[in-house]
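The sequence and the model are shown first, and the description follows.

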Amino acid sequence: MAGLGLYTIMLIVESLARVGVEWITIIDFDRVQLHNLDRLLGATRRDAQLRRLKVNVGRRLFYRASTAVNPVVRAVAKSVTEPEGFAAALDCDLILLCVDRPWPRHVANYIAYANLIPVVEGGIIVRTHEGRFRGAEWSARTVGPGRACLRCAGAYDPSMVDLERRGLLDDPHYIQGLDEDHLLRRNENIFPFSMSLASMQVIQFIALTTGLLHMPDLGDQRHFYNLKGSRSQSLCCAADCEFQHMMATGDTQIPREAILNQAVPHTPKWQEPTDEHSCPATGRPPKREQ
Ligand SMILES: [Zn+2]
């Protein structure tokens, strides 16, 4: 199992630990910073000061909360859009996707069909106008064979994948030119929404793996803050959806390089610390902080 991602990843890691999941892989290239402490369960100011890798914080969180007899965490400090992160995701039986960018969503969608690994995805949309809150909705779904893919479910905009691969979504000049209400220019505290979304994703995971009440597919679930309610619906892919034609093709139909674009590594630009931040591929529970 893998947890990939951003705002809900720590909540999901904690939940998986407490429901007894034994083996997980956490894939995330990013480090803890002060401005994202508001969305990272288990992360401390000390973690931010030391710019600890999120995967190491997630590993610590999992071991502390685990109810399994022999919990094992593989921490991979890469993006799923990089070869190492992609390969780690392929080693998993199921992926819980917690990213907010189109490219990793596109890659996970590809994995779900080409490599037959189910992906439980979730996302949050916060609407603002001139800096004021205007509403929010969050949604979760499980994709893979027999179900609608992320693209047909509207979980990402395909035109944004290319922008991200070209580096524009991290380009300060490009971002500066966007409307002030654009997603890329905002940094709301969405922790309460994240808790609700993480719960939806973990319940989708439980439904898929246990078939509880003979309901392995909970559909496309969406909660609307403005409407004070939720809805669930079954979606289908479009008739010409390319992902449905990639079923079980692995790397044979589309070269891995075409999906990952290895010419554009997705690693942070800052200096990589070399001391305690090193992140072994696998490891036993870390020592408690002094
Ligand atoms: Zn589709």
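## Helix α1 and its partners

Helix α1 (residues 9-18) and helix α3 (residues 54-65) have axes that come within 8 Å and cross at roughly 25°. The two helices are therefore roughly parallel to each other, a description used for angles under 35 degrees, while angles over 145 count as roughly antiparallel, 65 to 115 as roughly perpendicular and the rest as oblique. The axes are lines fitted to C-alpha atoms, for helices over the stretch in contact, and the angles run from 0 to 180 degrees between N-to-C directions. The model is predicted: local features need pLDDT of at least 70, side-chain atom pairs count only at pLDDT 80 or more, and totals for chains, interfaces and linings use all residues. Residues are numbered from 1 along each chain as its sequence is written. The crossing of α1 and α3 is right-handed; a crossing is so called if the near helix is turned clockwise from the far one by less than a right angle, and left-handed if anticlockwise. On the α1 side, Ile9, Met10, Val13, Glu14, Ala17 and Arg18 meet Gly58, Leu61, Phe62 and Ala65 of α3.

The crossing of α1 and α8 is right-handed. Here Leu11, Ile12 and Ser15 of α1 meet Ser194, Met195, Ala198, Gln201 and Val202 of α8, where residues are in contact if their C-beta atoms, placed from the backbone, lie within 7 Å.

## Buried positions in the helices

Isoleucine 12, a residue of helix α1, is buried, with 28 other C-beta atoms within 10 Å. A residue is buried if 20 or more other C-beta atoms lie within 10 Å of its own, exposed if 12 or fewer, and partly exposed in between, with C-beta atoms placed from the backbone. Isoleucine 12 and leucine 97 are 85 residues apart in sequence and 9.9 Å apart in space, C-alpha to C-alpha.

In helix α4 (residues 83-90), Gly85, Phe86, Ala88 and Ala89 are buried. These residues lie on the same side of α4 because they cover an arc of only 160° around the axis; the arc is that of the directions from the helix axis to the C-beta atoms.

Strand β4 (residues 95-98) runs parallel to β5, and 3 bridges join them. Two strands pair if DSSP finds at least two bridges between them. Leucine 97 stands opposite glutamate 121 in β5.

The pairing continues from β5 to β6 in the antiparallel sense, over 11 bridges, and arginine 127 has glycine 135 in β6 as its bridge partner. The hairpin of β5 and β6 has 2 residues between the strands, and glutamate 130 takes a positive phi near 50° there. In turn, β7 pairs with strand β8 (residues 229-233) in the antiparallel sense over 5 bridges, with arginine 231 in β8 as the bridge partner of arginine 222. These two strands, β7 and β8, form a hairpin with 4 residues between them, and lysine 228 in the turn has a positive phi of about 60°.

## Positive phi in two loops

Most residues other than glycine have a negative phi. Leucine 116, in the loop between α5 (102-114) and β5 (119-129), has a positive phi near 60°. With 13 C-beta neighbours inside 10 Å, leucine 116 counts as partly exposed.

Alanine 248 has a positive phi of about 60° although it is not a glycine, and its place is in the loop between β8 and α9 (256-260). Alanine 248 counts as exposed, with 11 C-beta neighbours inside 10 Å.

## The protein as a whole

The protein has 9 helices and 9 strands. Helices (H or I, at least four residues) and strands (E, at least two) are DSSP runs, numbered from the N terminus. Of its 290 residues, 39% count as buried. Among contacts between residues at least 6 apart in sequence, 67% join residues at least 24 apart.

Definitions and conventions: Two residues are in contact if their C-beta atoms, placed from the backbone, lie within 7 Å.
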